[in-house]
Amino acid sequence: MTQSLTIRRPDDWHLHLRDGEMLRAVLPETARHFARAIIMPNLVPPVVTGSQAGAYRDRILAALPEGMSFEPLMTLYLTEDTDPEDVAAAAASGLVKAVKLYPAGATTNSASGVTDFRKVVPVLERMAEIGLPLCTHGEVTNPEIDIFDREAVFIDTVLDPLRREIPQLRVVMEHITTSDAADYVRSANAGLGATITTHHLVINRNHILVGGIKPHYYCLPVAKRATHQQALRKAATSGDPRFFLGTDSAPHVDPAKECGCGCAGCFTATNTMAILAHVFEEEGALDKLEGFTSLNGPAFYRLAPNPGTLTLERSPIDYPAKIETQAGGPVTVFDPGFTPAWHVSAVSAD
Ligand code: DOR
Ligand code: ZN
């Protein structure tokens, strides 16, 4: 039995770091293991322009503890007023690595997102020209559409028509939750990839709802039935380079989760690598872990894999149940419902 596994240092291709005290509290949890992350722009107010992204990047680097190495890969929040030339300049300078599409109202801080997709076509055409990826929160917001169907309906009514209209547009379907999404990725050409979160490999909708409501398992897109969870596990562990890790680790303080109208988000930065090693081993695919966490994402984003390494050892350790913050309460770390058989024992930056 393998006792130790060394892989290229991983990246997180979808991460929420927030700002201020929350940023200070959660950044070390990611930087301890991950070399880089695609940083979500859904701050209040959102990160819309290149200069806002530059200022946010500076705040992230200022919050990084001494001795930690971490590179934030910045994104812009797409609005109906986004200027194609500002996007192109921010990409050309190397600052911005993707643009994020939130359908207005789809999730946390998405009110400034897109309602009329026709209005963003000029930006998307410019992005297609320069090869800048569009990251999509792939859910429709039409109140008549059942929340469990919103991803599948988005693919049929928004994403597929958009990709037919702008075939050169490179798209990442973020945090996919359905077999429909995994099948759609497989049916497409090289310009389409998908991130999969740690928590969607571990939970399905029963975990949220059976035996009492579990607010710390509530995220968006909401976890679907077990057959979809199985399809995600199959996709993530398949070795198909179009699937890669985006944790969507999304901190909310406990009072904002454990209340009458709780926020969406699972916080997985702390124990993601241990959980993934456990899941990949369960699937008989430990040899595919490095591709999923460290190789497939850089290949899609046309970046080199990290020079450093991360070593996992087969023995459990206790990860903290909560991260303390000065942001109004602690953040609960995702509980996978099992003790991961692995832990991260060493990380080298080069
Ligand atoms: O669960 C989620 N939390 N899904 C999202 O799309 C946003 C995120 C957040 O920002 O909290
Ligand atoms: Zn997210």
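1. Start with the shell around ligand 1. By class, this predicted model puts four nonpolar, seven polar and two charged residues there. The surrounding set comes to 13 residues, and the closest include Arg 18, Asn 42, Leu 220, His 252 and Ala 264.

2. On the polar contacts: His 252 has a polar side-chain atom 2.7 Å from an oxygen of ligand 1. Arg 18 also reaches a ligand 1 oxygen with a polar side-chain atom, at 2.8 Å. For His 137, a side-chain N or O atom sits 3.2 Å from an oxygen atom of the ligand.

3. How much of ligand 1 does the protein cover? On its own, ligand 1 has 290 Å² of accessible area, and the protein covers 100% of that.

4. Now the metal. The zinc ion (ligand 2) is held by NE2 of His 14, NE2 of His 16 and an OD atom of Asp 248, with distances of 2.0 to 2.1 Å. Along the sequence, these donors follow the pattern H-x1-H-x231-D.

Terms used. Residues are numbered from 1 along each chain as its sequence is written. Chains are lettered from A and ligands numbered from 1 in the order in which they are written. This is a predicted model: local features need pLDDT of at least 70, side-chain atom pairs count only at pLDDT 80 or more; totals for chains, interfaces and linings use all residues. Side-chain values use heavy atoms; hydrogens and water are left out. Donors are N, O and S atoms within 2.8 Å of the metal (3.2 Å for Na, K and Ca); water is not among the atoms, so sites may look incomplete. A residue is near a molecule or strand if one of its heavy atoms lies within 4 Å of it. A polar contact is a pair of N or O atoms within 3.5 Å; within protein, one must be able to donate a hydrogen and the other to accept it, and residues adjacent in sequence count only if both atoms are side-chain atoms. Accessible areas come from the Shrake-Rupley method with a 1.4 Å probe; for residues, only the protein chains shown count as cover. Ala, Val, Leu, Ile, Met, Phe, Trp, Tyr, Cys and Pro count as nonpolar, Asp, Glu, Lys and Arg as charged, and the others, Gly among them, as polar.
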